[in-house]
Amino acid sequence: MGKTILVAGAGHGGLAAAADLARKGFDVTLLEQKAEDALGYDWTDIFAPGALIAAGVPYPSKSLYTYKENMTFFPPAQSVMLTQRVPQDELEIKMERRDIYAHLIAHAKRCGVKFRFETAVTAPLLLGSRVCGVYAGEEKIYADLVIDACGMDSPLRTALPDVCGVEKEIGENNVAYVYRAFYARTGDFEPAHNYEVYILHQGRKEVAWVATEPDYADVLIVRFEPFGADEVAAVLDDLRKTNPHIGTTVARGGQFAKIPVRQPLSMLVADGYAAIGDSAFMTVPLIGSGIANALKASHILSETVVADKDCAFTAESLWKYQTGYYKLLGAGYAAMACLKNACLTMEPAEVDFLFERGILTEKEITITANTTNLQSMLKLSVKEFVERAKKVCTDKILLTKILRIASQIASATALCAMLPKAWSPQNVRKWVASYNAFFSRKQK
Ligand SMILES: Cc1cc2nc3c(=O)[nH]c(=O)nc-3n(C[C@H](O)[C@H](O)[C@H](O)COP(=O)(O)OP(=O)(O)OC[C@H]3O[C@@H](n4cnc5c(N)ncnc54)[C@H](O)[C@@H]3O)c2cc1C
């Protein structure tokens, strides 16, 4: 075989795809801007371990992970609460991000991937509209295929020629701005729930969590616009009213970061190019988890590459990656993105109403990285549906909003069902234009 593949960025999906393709005989090099020991963040991540198996990556040693605890959700008024009940066989694991990277990198090295750390990719190297490698500063590095795992602001995706049809911009209200830090615990206060999540915290478009561990309180603050240290201090002051054990010493983390939370990228491939992970907006739109999806996508991508017997790696021969991803995950997340967009238009009183009247229950808030579509989240019997509908009918404005959301979800589902199964430049272009137009309308 001997065809050369470059993977740009040591993202989870990029690492897993690199390993699988090297194992299958390709000459794979991974370029990562950071040093090997500087990858990731100083905190833990939660993901579905089955995704490792789906990606052909061995399970990590038991000493490296624990299981995620159920989350308890509070509406803005904090008048009631709902606790998740994740079934035992669907529990996600919690693992240090650095250990996840170390595990994936060790596996990739065993599979024969060559690594170049501290090598920042700066732009795609183009031959006409075909990606034939990357620039790393002045250096030109050629390859038969480039896999873009550089994250949401990828310098590759955002510099592709327009003719490729790959979206460059992420779009309004589609970035979650995040601050996360582990604060040393103070005093002997024990919270009633170890993992508290505050929705529309203090009536703002904000989600905050406090996950209490034996030695520290893990605090996460999410907003849809950038914020700074002063705002963090104000949120912490508020959280300490009900969680006085959150100390003032940052034991770990203490960083700002960004997560894409939107519908998947409308066009995952171009000639000589495929996007994976956050570069392709593969996170679960409602919660921002992206590790399991990037891992699962790596398997679809590597199968597609192997199936391309001529090693043409054109948009046409890589199209199966897009159809496979949308079938397994993308269509479900596109529909879920409509719900996320709608949640951003909810008033605090409406969210309180949904919690207090039992319209939202523990069933719906038991959303995990295994929740790949809304059907698996809203498992309602006819009786339950009728009961909830009756309750919503008491608030006409909310009812109108919910009916509009339902119609948007149905449209997104229908649109994804119309994704061309077979490659045709004209049909694909048309579909991409409709998908992009649909979601830009929804964001207004
Ligand atoms: C605070 C926070 C908490 C999160 N928690 C979870 C969680 O619990 N569970 C979960 O599933 N997901 C979580 N996520 C999301 C998750 O991090 C991503 O979805 C996942 O990492 C997949 O992203 P990625 O690997 O594609 O991209 P990234 O994680 O962004 O990785 C991209 C890699 O590319 C490198 N890179 C970037 N630009 C260049 C360049 N020009 N040249 C070379 N290399 C480059 C970067 O250094 C980085 O190593 C969280 C994200 C944040 C910010």
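**Notebook: sheet, helix pair, domains, ligand**

Strands here are DSSP runs of E with at least two residues, helices are runs of H or I with at least four, and both are numbered from the N terminus. Before going on, I noted that this is a predicted model, where local features need pLDDT of at least 70, side-chain atom pairs count only at pLDDT 80 or more, and totals for chains, interfaces and linings use all residues. Residues are numbered from 1 along each chain as its sequence is written.

**The sheet**

I then looked up how E11 pairs with strand E10 (residues 130-136), and found an antiparallel pairing over 4 bridges. Two strands count as paired if DSSP finds at least two bridges between them. The open sheet has 3 strands in the order E9-E10-E11, with antiparallel pairing. Strand E9 (123-127) and strand E11 (139-142) are at the edges with a single partner strand each, so one side of each has no neighbour in the sheet. Neighbouring strands here are turned by 40 degrees against each other on average, direction ignored.

**The helix pair**

Next I checked H5 against helix H6 (residues 315-343): they pack at an angle of about 145 degrees, and their axes are 8 Å apart. Axes are lines fitted to C-alpha atoms, for helices over the stretch in contact, and angles run from 0 to 180 degrees between N-to-C directions. On the H5 side I listed the contact residues, among them Ile300, Leu301 and Thr304, and on the H6 side they include Tyr321, Gly324 and Tyr325. Contact means C-beta atoms, placed from the backbone, within 7 Å. By class, this contact has 9 nonpolar, 3 polar and 2 charged residues. Nonpolar covers Ala, Val, Leu, Ile, Met, Phe, Trp, Tyr, Cys and Pro, charged covers Asp, Glu, Lys and Arg, and the others, Gly among them, are polar.

**Domains and ligand**

I found the chain divided into domain 1 (4-66 + 94-169 + 261-327) and domain 2 (175-260), with bounds from an automatic or database domain assignment. Their centres, taken over C-alpha atoms, are 31 Å apart. Across the boundary, 10 residues of domain 1 are in contact with 10 residues of domain 2.

Where does the ligand lie? I have it between the two domains, because both give residues to the shell around it. Of the 35 residues around the ligand, Gly9, Gly11, Gly151, Gly277 and Gly290 come nearest; a residue is near if its C-beta atom, placed from the backbone, lies within 6 Å. Elements giving two or more residues to the shell include helix H1 (12-23), strand E13 (175-185) and helix H5 (291-307). I also noted the shell's classes: 18 nonpolar, 12 polar and 5 charged.

Technical notes. Contact = placed C-beta atoms within 7 Å.
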